[in-house]
Structure formats: structure tokens, C-alpha cells
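Student: I am new to this structure and would like a close look at a single part of it. Please take me through the place where the two chains meet.

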Amino acid sequence: MTFQLGSALLDACVLAIVDKEDAYGYSLTQQVQSVMDISESTLYPVLRRLQKVDYLKTYDQPYQGRNRRYYQITEEGRIRLMELLQEWQMYKQKVDCVLLGGELNG
Amino acid sequence: MDRASYLKKLRGKLYRLPAQELDAALAYYEEYFDEAGEENEQQVIQQLGSPSKVASQIMADFALKDFDATPASTKKNMTTIWLIILAILSAPLSLPILATAVALIISLGAVVFSFVIAIVATGLGIFFGGIVALISGFFVLTDHWPTALLFIGMGLIVTGSGVLLFPIITRFVKKIGLVCVEVLAGLFKKITKKRKGGL
């Protein structure tokens with residue numbers, strides 16, 4: 001991807017994905033990679049951090065004789081996601097306005 | 001390299017983390033290998049990158065977040081500084097950048113060290129200078145008491161101001177620690193930013 005990706009946008013993507021459905025590390029990486037060019041090792045520190053600030057919690061579920069660690073969004077995580085979405089909307093509008101020559105409202 | 005030796009190397013690079021953090025990270029990457037499937041082992045190793053790279057991302061994130069989360073203390077500053085330095089040194093950087101980083105860290109360390117020594121020495125100098133004046137005052141007490149009084153008085157004033165200076169000096173030294181952490185964190189972000197998908 002040509003455009004740089006900041007850690008806030010990465011947080012937003014992760015939170016949005018688990019907001020739809022609980023996910024485990026590998027599937028999360030695949031899903032984020034489908035929209036952003038991140039390296040495979042980028043996600044773990046992000047997940048750990050989001051867990052520490054209580055935006056995510058985890059639970060284990062047996063799968064084929066081993067445990068899968070699922071990540072689930074918390075109430076605080078949802079609130080944070082809403083904030084991030086609002087900021088993204090504003091940011092997107094401003095960038096669109098410059099790039100596509102639209103009207104800047106507000 | 002196979003999965004077992006990859007994970008072993010990763011564990012080796014992360015051994016400075018608290019046990020709980022280390023186990024969580026290892027468990028995550030074990031599961032990652034499991035999910036990818038045995039037949040994709042080599043591919044996963046290649047995609048993840050070297051254990052050093054993975055470890056430095058984890059350590060840097062841990063150092064910074066832990067630093068933000070708990071109240072400041074000199075000991076914690078030191079731990080954070082140390083973790084960030086390790087993270088910088090273990091990051092897969094090109095030789096010139098690594099050399100620059102090492103040089104920067106060493107010169108920062110030297111400047112801070114001499115600064116701290118100078119300040120502490122000044123404080124101690126004032127304190128002990130006062131005490132010496134005080135003691136010499138007592139020595140001349142029998143010979144010439146006005147001089148003795150002058151010395152004792154001066155000694156008390158100087159020692160007192162030395163004592164007053166100490167809290168200021170400690171606060172100052174702590175502050176320097178904090179600034180160091182911030183400078184190092186900034187340096188780390190700067191040199192790792194160019195990597196693919198860097199944080």
C-alpha cells in the first residue's frame with residue numbers, strides 16, 4: 001500500500017473486526033492483511049496493548065485438541081471504536097475534499 | 001530453521017520480559033504456527049521475519065505501554081530505558097543506521113551521565129564545604145571566638161542550603177530520566193518507522 005498506516009487506524013481495524021465477530025490471532029492477521037499491508041508480526045503487540053487497556057478480552061476454546069485464544073471486544077472497546085470511527089469519518093472527508101475537490105462541510 | 005528452533009530463539013530474545021508477558025507472547029506464536037498448519041511452517045517463518053524482529057516489536061511495545069500505564073519512578077525509568085535500548089539494538093537494521101543508533105545512545109548516555117555527576121557533585125560540594133567550615137569554626141573557638149562564630153555561622157548557612165538543595169537535585173535527576181526515556185522512545189520510533197508495517 002502506498003499510504004502509510006498509523007497505529008490508530010490499525011487499532012480501529014482490529015476493533016472493528018472483533019466487533020463483528022470474535023476472532024483468533026491467525027484469522028485476525030489474515031483479515032487485517034486483506035485491507036492493509038502489515039507484516040505478520042505486527043498484530044501481536046497491538047492485541048496485547050488493546051488487551052491491557054481493556055478494549056479486548058480473551059477466552060480459550062478447544063479446537064482440534066488444542067486451545068484457540070479468541071479475542072472479544074469489551075464495552076470500553078466499543079466506545080473507543082465509536083470515537084475512532086467518528087475521527088476516521090472526519091479525516092476521510094477532509095482528504096476526499098482535497099483529493100477529489102469536493103465541498104468541505106464544517 | 002524449523003518451528004521449534006524459531007520459538008526457542010524467540011524465547012531467548014524475550015527473556016527479559018516478565019514471565020507472564022513472555023508466556024503470552026510464546027503462546028500466541030505457537031498458536032499462530034498451529035493455525036497455519038504444519039505444511040506451511042517454512043512460509044510462516046519467512047513471513048514473520050527473524051525472531052529478533054518479532055522480539056523487538058514486542059519489547060518496544062511492552063516498554064512504552066508499561067511506561068505509560070504505571071506511575072513514574074527512577075527504577076522504572078531505568079528499566080524502560082534499558083528495554084528500549086535492547087529493542088533498538090535487536091531490531092533488524094542496516095549497519096549504518098544501527099551504528100548511528102549506537103553512537104546516539106552512547107553520546108546521550110555520556111551527556112546525561114556527566115550532567116548528573118556534575119549536579120550531584122555540586123550539591124555534595126556545598127554540603128560538605130559547609131560542614132568543614134562548621135568544624136573549623138569549633139577548632140578556633142578557644143583562640144579567637146569572633147572568627148569561630150563567623151565560621152560556625154557560615155558553616156550552618158552553607159550546610160543548610162546544601163540540605164535544601166537535595167530534594168531539588170533528586171527531582172531534577174528523575175526528570176532527566178524521564179526525558180531520556182522520551183528521547184529514546186522517539187529515536188526508536190524514528191528508526192523503525194521505515195520498516196514494513198512498523199508501529
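Tutor: In this predicted model, chain A and chain B bury about 2300 Å² between them, and 53% of that area lies on carbon and sulfur atoms. On the side of chain A, the residues that lose the most area to chain B are Y26(A), E40(A) and Y44(A), which together make up 30% of what that side buries. The size of an interface is often given as the accessible area lost when the parts come together. It can also be described by the residues that take part: 25 from chain A and 23 from chain B.

Next come the charged and polar pairs. The rule finds 6 salt bridges across the interface of chain A and chain B. One of them joins K52(A) to E21(B), with the closest N and O atoms 3.0 Å apart. Across the interface of chain A and chain B there are also 9 residue pairs in polar contact, counting pairs with both residues at pLDDT 80 or more.

Which elements of chain A give two or more residues to the side that touches chain B? They are helix 2 (25-35), helix 3 (43-52) and strand 3 (66-73) of chain A. Helix 3 of chain A gives the most, with 8 residues. By type, the residues on the side of chain A that touches chain B divide into 10 nonpolar, 7 polar and 8 charged.

To place these elements, consider chain A as a whole. Its secondary structure comes to 4 helices and 3 strands, and along the sequence chain A follows the pattern α-β-α-α-β-β-α. Chain A has 106 residues, of which 39% count as buried. The accessible surface of chain A comes to about 6400 Å², with 51% belonging to carbon and sulfur atoms. As for contacts within chain A, among those between residues at least 6 apart in sequence, 50% join residues at least 24 apart.

L156(B) lies in helix 7 of chain B, which covers residues 145-192. Is L156(B) buried or exposed? L156(B) counts as exposed because its relative accessibility is 51%, and the cut-off for exposed is over 50%. The C-alpha atoms of L156(B) and I131(B) are separated by 7.5 Å, while the two residues are 25 residues apart along the chain.

How values were computed. Residues numbered from 1 in each chain as written. Chains lettered and ligands numbered in written order. Predicted model: local features only at pLDDT ≥ 70, side-chain atom pairs only at ≥ 80, totals over all residues. Heavy atoms only, no water. Buried < 20%, exposed > 50% of the residue type's maximum accessible area, 1.4 Å probe, protein only. Contact = heavy atoms within 4.5 Å. Areas by Shrake-Rupley, 256 points an atom, 1.4 Å probe, with all protein chains shown as cover. Buried area = accessible area lost by both parts, 1.4 Å probe. Salt bridge = Lys/Arg side-chain N within 4 Å of Asp/Glu carboxyl O. Polar contact = N/O pair within 3.5 Å; in protein donor to acceptor, adjacent residues only side chain to side chain. Nonpolar A, V, L, I, M, F, W, Y, C, P; charged D, E, K, R; others polar.
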